[in-house]
Each structure stands twice: as structure tokens, then as C-alpha cells.
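Biologist: I have a structure open and would like to learn how to read its features. Could we go through them one at a time?

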Amino acid sequence: MTKFHEHPFRTPEERHAAANLGVPERQAMIESLLYKYPVFKKGEQFIKDFHYPFVGGTHGKGQIGGLLGPSRVGKTTICKYYVAGIKAPPPDENGEYHPVVFITATDQTTPSSLTDTIAANTGMRSILAKVKTQARINLVLERLRQVRTELIIIDDAQFLVVGRNKSCVTGFQSLLKQLADMITLNILLVGDEVIHDWIANVDYLVNRGGFKREPLKSLGDSGREFEDFRLLLSKIDARLPFKERSILHHSSALAADIHAFTGGSIGRVTGLIREAAAQAMNDGTACIMLDHFARVAPSLVRLGDKRVYFKRA
């Protein structure tokens with residue numbers, strides 16, 4: 001289970017204590033750092049509402065939905081955070097309990113391998129290799145009933161359709177329909193907007209709940225969105241295990257440079273700050289400095305981007 005570093009250092013003593021930890025502990029803090037910025041909260045609330053549509057009621061059943069947006073907008077982190085917050089009780093007289101199953105698709109995923117992955121993530125010990133695909137699916141559907149799964153999240157679900165042959169896509173469509181037709185759980189597809197186009201053109205899938213969806217996007221570089229972006233940088237800075245706060249929390253020029261460098265993509269932002277933090281820790285400095293951003297930028301800059309970032313005064 002993913003463990004996140006969410007809480008800021010509120011006093012100089014807390015900050016100094018974190019800065020005096022060993023490198024592995026500080027590295028873990030940086031790599032698991034999390035601040036719930038507006039886009040994050042929007043995505044998290046959507047998953048909550050899709051999982052439990054009625055406050056105080058039971059979980060949703062039989063619907064296919066989507067958490068959609070471009071790469072690196074934070075969808076995967078939102079999902080992992082939500083899954084980490086689900087506290088499944090230990091096995092009881094009814095057996096194991098796996099309320100939420102989170103899996104990731106790739107360009108090599110097939111209907112059969114997706115079925116096996118669901119099985120593995122519900123504690124199913126093995127499926128005979130020679131069992132035909134539909135028989136495998138039937139075994140997994142029964143397993144999902146046994147472990148009382150309420151929500152299946154398939155990350156990078158665009159790989160179920162993009163670049164796949166007709167037979168493979170048809171197999172995924174059939175699997176999604178069978179999962180929804182159990183009327184015991186919901187299915188959340190996470191990935192690019194192309195997922196919406198795919199589902200919308202398959203009547204027997206879009207009719208499983210109308211494909212309720214939430215589109216996420218990167219923060220803009222003007223107005224309220226840029227102010228939210230600056231706040232995001234400040235909140236990240238408040239959680240970095242250094243003795244002093246860096247220029248992240250007060251420099252509008254640096255914020256503009258970081259936004260231009262990353263396009264406002266939270267994944268690229270955290271990647272850039274993580275690399276700069278590594279430089280700062282290796283140098284033994286009290287905080288991340290402009291020079292650290294300047295040093296890591298050339299290896300991370302987007303293809304074709306000729307702008308010089310993080311200029312020294």
C-alpha cells in the first residue's frame with residue numbers, strides 16, 4: 001500500500017527534525033510528497049461519489065465511469081491515494097474482503113491477462129493456463145463476488161483500445177460488460193479522453209450508467225489558476241525535508257518558469273522538484289536553490305523546447 005507524506009512542517013523544530021533524518025527517510029518523504037490541490041480534490045471527490053453515490057448508502061453497482069485527462073495531470077496519484085484510504089477488514093466468516101481493486105493496463109495487456117491481473121489482485125491463487133478465456137472470466141467474476149469487491153479501477157485504460165486490433169478491443173468490451181452486468185460493483189476507467197469516445201460509441205457500455213465522467217486538466221498560467229499553481233508550489237515547499245524553505249513559496253518569477261517548463265502538469269512539476277531536491281541534498285544545502293533547478297532542467301526539458309529556464313540573476 002502506498003504511504004503518502006501529506007503533512008507540512010508547521011514549526012522550525014519540525015522542519016529541522018526532518019532535515020536531520022537520514023537520506024533514505026528524507027528521500028522517501030520527497031518521493032511520496034502530496035498536497036491536495038484543487039484538481040486533486042476534484043478527482044478524489046469524483047471517485048468517492050462514483051464509489052458511494054448516496055451519502056450513508058451502499059456502494060454503486062453496475063456502472064462504468066471515467067476519470068479522464070492528459071498524461072501527468074495526476075490521475076494515477078489520485079487513484080492510489082483513494083485506494084490507500086480504503087481500510088479493508090481482515091478475513092472473517094465470509095472470507096477475504098477486497099472492496100477496491102486497482103490495476104494498470106499496458107500496451108501488452110490482453111483480455112486474458114487483464115482477467116488474470118484482477119484475479120491476482122483479489123488474492124486468487126492461480127488460474128489454470130489452459131483454461132479458455134471465457135472460463136477464466138467466469139472464475140474471476142465468481143471470485144469478485146466472493147471477496148465482495150465494490151469498485152474496480154483500471155488505470156491507463158486507453159491501452160484497452162488505442163493501437164489494438166478489433167478482436168482485442170471486442171474482448172475488452174465483452175469483459176467490461178460482464179463485470180458491469182454482475183450488478184455488484186462499479187468499474188472506473190482512468191486515462192485519456194479517447195476512452196470517452198470509445199465507450200460512447202458502444203451502446204451496451206455507455207448504457208451501463210451513461211458513462212459518468214470527470215475531466216481533469218493541468219493548471220493554467222493566468223488568473224486564478226496561476227494563483228492556485230503558486231499555492232501548490234508553496235504547499236509542496238512546506239513539506240520538503242530541508243532546514244529552510246526554498247524560493248518555491250515566494251518567487252512569482254520562479255513559478256512562471258516552472259509553469260512554462262512543465263506546462264502546469266503536476267506530474268512534471270513533482271518530477272522537476274524531486275530532481276532539484278536530490279541535487280540540494282547531495283550538495284548539503286539548507287534548501288533547494290535556483291541553481292539546483294538550472295542544473296537539472298537540461299535533462300528534463302521537453303523535446304523542441306529551446307527556452308533557457310531558471311536563469312541566474
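Biologist: Which residues point one way from strand 3, and which the other way?

Modeller: First, the ground rules. This is a predicted model, where local features need pLDDT of at least 70, side-chain atom pairs count only at pLDDT 80 or more, and totals for chains, interfaces and linings use all residues. Residues are numbered from 1 along each chain as its sequence is written, and side-chain values use heavy atoms, with hydrogens and water left out. Helices (H or I, at least four residues) and strands (E, at least two) are DSSP runs, numbered from the N terminus. In strand 3, L151, I153 and D155 point one way, while I152 and I154 point the other way.

Biologist: Are these residues buried or exposed?

Modeller: Buried means under 20% relative accessible area, exposed over 50%, and partly exposed in between, with a 1.4 Å probe and protein chains only. All of them are buried. Because five of the five residues of strand 3 are buried, the strand is largely enclosed by the rest of the structure.

Biologist: Which strands are joined to strand 3 by bridges?

Modeller: Two strands pair if DSSP finds at least two bridges between them. Strand 2 (residues 100-104) runs parallel to strand 3 and is joined to it by five bridges; T104 has D155 as its bridge partner. Strand 4 (residues 186-191) is also parallel to strand 3, with four bridges, and there I187 stands opposite I152.

Biologist: How many residues are in the largest nonpolar core?

Modeller: In soluble globular proteins, nonpolar side chains tend to be buried together. A nonpolar core here is a set of buried Ala, Val, Leu, Ile, Met, Phe, Trp, Tyr and Cys residues joined through side-chain atoms within 4.5 Å. The largest one has 53 residues, and L188, L240, I258, I273, I288, F293 and F310 have the most contacts inside it. Helix 12 (residues 266-283) gives the most to this core, with eight residues. A second, separate core has 36 residues, including L68, A105, L114 and L189.

Biologist: What is I288 in contact with, leaving aside its neighbours within four places in sequence?

Modeller: Contact means heavy atoms within 4.5 Å. With those neighbours set aside, I288 is in contact with L240, F242, S246, I247, I273, A276, A277, A280 and F293.

Biologist: Now for charges. Which residues form a salt bridge with a partner at 2.7 Å?

Modeller: Side chains of opposite charge can pair when their charged atoms come close. The rule for a salt bridge is a side-chain nitrogen of Lys or Arg within 4 Å of a carboxyl oxygen of Asp or Glu. By this rule the count is 14. K177 and D181 form one, with their closest N and O atoms 2.7 Å apart. These two are four residues apart in helix 7 (residues 166-181), so about one helical turn separates them. D257 and R307 form another, also with closest N and O atoms 2.7 Å apart. D257 lies in helix 11 (residues 252-262) and R307 in the segment after helix 13 (290-300), so this pair ties together parts that are 50 residues apart in sequence. D257 counts as buried at 12% relative accessibility, and R307 as partly exposed at 43%.

Biologist: What links E214 and K42?

Modeller: Their side chains meet in a salt bridge, at 3.4 Å from N to O. E214 is in strand 5 and K42 in helix 3 (residues 38-51), 172 residues apart. E214 is buried, with a relative accessible area of 17%, whereas K42 is partly exposed at 41%.

Biologist: Last, the backbone. What is the phi of F211?

Modeller: Most residues other than glycine have a negative phi. F211 has a positive phi of about 55° although it is not a glycine. F211 is in the loop between helix 9 (203-206) and strand 5 (213-215), and counts as buried at 1% relative accessibility. R148 also has a positive phi of about 55°; R148 is in the loop between helix 6 (133-146) and strand 3 (151-155).
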